[in-house]
Amino acid sequence: MIDVNKAVINVSGFPEDEIEDIRQSLATLYSIRTGEQPLARDMGIDMSFLDKPINIAKNLFVVEIIDKTKRYESRVEVDRIEFRYEQDGQMIPVIYIKKRGIL
């Protein structure tokens, strides 16, 4: 199972003071379930992937993170997402973020 609450967010290409602001913004975005924000029902992550087989869940999670990051954090884009496997079977997403428009 993917443990979204333990996601690791690695931000590069920004000054140190801005990195923490971006990391906090994304951590907040990723911790909200879609539909929880009263005036922004689309904000947050659609957690329906949690019920799916693991390969499908990973793909749906990646698509959701890329889409919501692009929509709600204009300074950055997702470079890649990897998964770290814990001994208890949990998968921890490691999300690599870079400055938007940088190759």
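With which residue does Arg-75 form a salt bridge? The partner is Glu-18, and the closest N and O atoms are 3.7 Å apart; a salt bridge here is a side-chain nitrogen of Lys or Arg within 4 Å of a carboxyl oxygen of Asp or Glu. The pair links distant parts of the chain, since Arg-75 sits in the loop between α2 and β2 and Glu-18 in helix α1, 57 residues apart. Arg-75 is partly exposed at 25% relative accessibility, and Glu-18 is partly exposed at 26%. In these terms, buried means under 20% relative accessible area, exposed over 50%, and partly exposed in between (1.4 Å probe, protein chains only).

The model is predicted: local features need pLDDT of at least 70, side-chain atom pairs count only at pLDDT 80 or more, and totals for chains, interfaces and linings use all residues. Residues are numbered from 1 along each chain as its sequence is written, and side-chain values use heavy atoms, with hydrogens and water left out.

Helices (H or I, at least four residues) and strands (E, at least two) are DSSP runs, numbered from the N terminus. Three strands form an open sheet in the order β1-β3-β2, with mixed pairing; two strands pair if DSSP finds at least two bridges between them. β1 (8-12) and β2 (76-85) each have a single partner strand, so they stand at the edges and one side of each lacks a neighbour in the sheet. From one strand to the next, the twist averages 20 degrees.

The pairing of β1 with β3 (residues 91-99) is parallel and has five bridges. Within it, Val-8 has Val-94 as its bridge partner, and Asn-10 stands opposite Tyr-96. β2 and β3 run antiparallel and are joined by nine bridges, with Tyr-85 partnered by Met-91. The hairpin of β2 and β3 has five residues between the strands, and there Gly-89 takes a positive phi near 95 degrees.

In a regular strand the side chains alternate between the two faces of the sheet.

Helix α2 (residues 54-72) lies across β2 and β3 and runs at about 155 degrees to β2. Axes are lines fitted to C-alpha atoms, for helices over the stretch in contact, and angles run from 0 to 180 degrees between N-to-C directions.

The 16 residues of α1 should span 22 Å at 1.5 Å a residue, which agrees with the 23 Å between its end C-alpha atoms; the expected span is 1.5 Å times one less than the number of residues. In α1, Ile-19, Ile-22, Leu-26, Leu-29 and Tyr-30 are buried. They cover an arc of only 95 degrees around the axis, which puts them on the same side of α1; the arc is that of the directions from the helix axis to the C-beta atoms. The buried residues of α1 pack against β1, α2, β2 and β3, where contact means heavy atoms within 4.5 Å.

The count of salt bridges comes to 14. Arg-23 and Glu-20 meet in one of them, at 3.2 Å from N to O; both lie in helix α1, three residues apart, about one turn of the helix. Another joins Asp-79 and Lys-98, whose closest N and O atoms are 3.9 Å apart. Asp-79 is in strand β2 and Lys-98 in strand β3, so this pair ties together parts 19 residues apart in sequence. Asp-79 is partly exposed, at 40%, whereas Lys-98 counts as buried at 16%.
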